[in-house]
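Please have the structure open as you read, and take the points one by one.

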Amino acid sequence: MAGRRDRTQQLRGSRIAIAILIGIIIGCVCAVLFPNGFFNSSSSLTVNERVQVGSSSCESPARIKMLKSDFASLSEKNAELKKQIRELTEKLRLAEQGSDNARKQIKAGPFGTVKSLRTNPTILPDESVNPRLAKILEDIAVDKEVIVALANSNVKAMLEVQIASVKRLGITNYLVVALDDYIENFCKSNDVAYYKRDPDKDVDTVGKTGGNHAVSGLKFRVLREFLQLGYGVLLSDVDIVFLQNPFRHLYRDSDVESMSDGHSNMTAYGFNDVFDEPAMGWARYAHTMRIWVFNSGFFYLRPTVPSIELLDRVADRLSKAKLWDQAVFNEELFYPSHPDYIGLHASKRVMDMYEFMNSKVLFKTVRKDQELKKKVKPVIVHVNYHPDKLNRMQAVVEFYVNGKQDALDSFPDGSE
């Protein structure tokens with residue numbers, strides 16, 4: 001009797017489980033077929049619309065335009081959700097490890113579970129450093145982040161193209177550091193947020209008369225105050241066209257996040273390069289790690305101590321010798337500690353080379369590959385490899401914004 005009763009209870013339990021499973025399946029099917037509920041009239045209207053669309057042999061231009069608009073809107077929302085997921089993941093990891101524990105001795109977890117902190121803590125903002133700049137940033141920054149571009153009258157034409165691309169995207173946290181009176185007046189007349197530094201003989205001399213490379217070197221001195229005030233800074237040279245909002249494509253998991261001068265997966269992200277010296281016989285092969293340099297004309301800095309130390313190191317070396325700022329920038333980022341030298345302890349990330357695209361990638365690869373030409377939509381294009389910058393910037397706008405398919409075709413691969 002006891003065995004029969006057990007079997008009866010087991011049978012009854014199985015039936016209940018099956019009934020629950022069937023209920024769940026039916027619920028899922030209904031959720032898919034009737035997302036707005038059984039009694040929502042808009043739901044049946046949506047279904048009818050879908051039937052009508054499906055039965056039509058071709059879409060009307062207005063319908064196609066609407067679908068494209070919906071696709072663009074969903075793409076933006078998807079990018080924003082990805083950003084939120086990355087941020088929440090990082091916050092969760094920081095919370096689990098604890099900022100205090102990072103400075104204390106802690107026990108290592110089981111194999112495969114140990115993850116080190118990649119992000120240094122942000123500094124405590126100090127508005128006393130520059131109250132005037134603090135007020136400007138408070139007004140224009142979004143989520144304590146800002147795009148900064150340095151400009152003098154020598155680059156006014158390229159600056160106009162960049163500003164037009166920023167306004168087209170509705171980016172409001174964009175600030176021009178005006179290095180002379182001409183750019184200050186230009187920004188005023190075009191309703192562009194700007195910042196004019198207090199008089200500084202060393203900065204003003206270069207800022208008002210210097211060319212591209214000289215002005216580029218100034219940024220390492222100028223950006224320091226932005227970080228001290230607690231703002232994340234996306235530095236942009238003026239030979240850059242914005243095609244999407246870059247803040248939706250940052251990871252923010254490193255002190256320095258920079259675009260690359262690389263033009264392939266290997267050169268942009270690094271590779272094991274084997275050096276061969278036959279005279280060494282058995283030991284002729286030596287493995288070396290190589291990566292093409294970070295571009296010092298477009299990078300994002302979190303307001304951390306290593307980021308500020310990077311700016312200080314580069315600015316100090318540039319003030320003492322006539323050096324190329326990009327070379328110094330990379331040397332300070334990548335040289336490890338060794339005898340008589342303490343390396344910079346800054347975490348680094350390379351940006352996606354197709355999203356944050358240099359002009360070598362665009363003109364030597366993308367424009368010649370029909371699949372890439374159709375599918376790749378850069379976040380920015382940096383005309384860093386070519387001297388005819390303005391013409392190529394305008395061509396980028398024609399191709400990616402205005403849809404002129406042959407806009408890029410007339411340019412040579414290089415500068416010949």
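1. Begin with a charge and a ring: Arg 392 lies over the face of Phe 363, at 4.5 Å from the ring centre. Lys 144 is placed over the face of Tyr 231, at 3.9 Å from the ring centre. A charge sits over a ring if NZ of Lys or CZ of Arg is within 6 Å of the ring centre and within 35 degrees of the ring normal.

2. A word on the origin: this is a predicted model, in which local features need pLDDT of at least 70 and side-chain atom pairs count only at pLDDT 80 or more, while totals for chains, interfaces and linings use all residues. Residues are numbered from 1 along each chain as its sequence is written, and side-chain values use heavy atoms, with hydrogens and water left out.

3. A search of the whole structure finds nine aromatic pairs. Rings of Phe, Tyr and Trp (its six-membered ring) pair if their centres lie within 6.5 Å; planes under 30 degrees apart count as stacked, over 60 as edge-to-face and the rest as tilted. The rings of Tyr 195 and Phe 226 have centres 6.3 Å apart and planes at 85°, so this pair is edge-to-face. Tyr 195 belongs to strand S3 (residues 194-195) and Phe 226 to helix H8 (residues 212-228), so the pair ties together parts that are 31 residues apart in sequence. Helices (H or I, at least four residues) and strands (E, at least two) are DSSP runs, numbered from the N terminus.

4. Buried means under 20% relative accessible area, exposed over 50%, partly exposed in between (1.4 Å probe, protein chains only).

5. With ring centres 6.3 Å apart and planes at 15°, the pair of Phe 220 and Phe 299 is stacked. Both Phe 220 and Phe 299 are buried. Ring pairs link Phe 220, Phe 299 and Phe 329 into a cluster.

6. Finally, look at the whole chain. The protein chain has 14 helices and twelve strands. Of its 416 residues, 39% are buried.
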